[in-house]
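Please consider the following points alongside the coordinates.

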Amino acid sequence: MSQRATPVDFGILPFSTVSDDNGSSRSSMRGTSLMLAEAFARKMEWTGIQWSSDHTTVLDYQCGSGLMSQILAPYVKHIIGVDPSDINVNEYNRKAVSQQLYPTKLRGYPGDLSVQHTDSRLEHPEFYNLDVVILGLGFHQFPYPQMVLMHVFRRLKVGGTVLIMDYASLYQGYPSTANQYGFMKSELRGLLEQQGLVNVDVETLTDSEGNIILENEGQRHIVLAKGVKRANWPA
């Protein structure tokens, strides 16, 4: 795909990269949103999603101020941002307005998919039958990630895709509890498969030179995981 995401810069945070072969090549990188946008663009075909600005609908959960939505915006028809924090939702919508993307392209709502009960604020039909649900850079923080995936699963259409862009730990994590370093790739794969998703895969994100993107002094890297809803099970 020749189209390229060019999101606004939501914050300048330091990241590092390390070469795939021997780990000896390191370089400082700044501009988190642009770096992740470019890394994601290189994985567009890998996701298996038929991206279209005419019909693809997305739910961006724990959207924050809108980093993942900004990355995806050029490729989709509409993105619903959902976050438990009213402050984050207000900022998400403010930035969407400033870019003339609100409300037709981006619109944020308060809501929580990390609790056992269904959030009544998210029961309108527009929150269901979605092509894509993405969880970006926060999935490892949920105390019960399987609960989140259960709610996400219900909101996807059959054939829809879950995408998780998040930190992956270089050390063994704990799938049932929040993990500050992120899950190992095998743990992410297991969580998606346990929910009944198929075509599950997890890829490590790299920069334009093929260097692995590292964070937190090299203790974790960033991955993109995917899984497809084959049928309406489990409910």
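**Notes on the predicted model**

1. T161 lies in strand β7; helices (H or I, at least four residues) and strands (E, at least two) are DSSP runs, numbered from the N terminus. The model is predicted, with local features requiring pLDDT of at least 70 and side-chain atom pairs pLDDT 80 or more, while totals for chains, interfaces and linings use all residues. Residues are numbered from 1 along each chain as its sequence is written, and side-chain values use heavy atoms, without hydrogens and water.

2. T161 is buried, its relative accessible area being 4% (buried means under 20%, exposed over 50%, partly exposed in between; 1.4 Å probe, protein chains only). Beyond its neighbours within four places in sequence, T161 contacts I49, D131, V132, V133, L156, K226, G227 and V228 (contact means heavy atoms within 4.5 Å).

3. Strand β3 (residues 57-61) is largely enclosed by the rest of the structure, because four of its five residues are buried. Five bridges link β3 to the parallel strand β4 (residues 78-83), and L59 stands opposite I80 there. Two strands pair if DSSP finds at least two bridges between them.

4. Four bridges join β3 to β6 (residues 130-136), again in parallel. The bridge partner of L59 in β6 is V133.

5. Helix α6 (residues 185-194) has E187, L188, G190, L191 and L192 buried. Their cover includes α5 (145-155), β7 (156-169), β8 (197-204) and β10 (220-229). Just after α6, G196 adopts a positive phi of about 90°.
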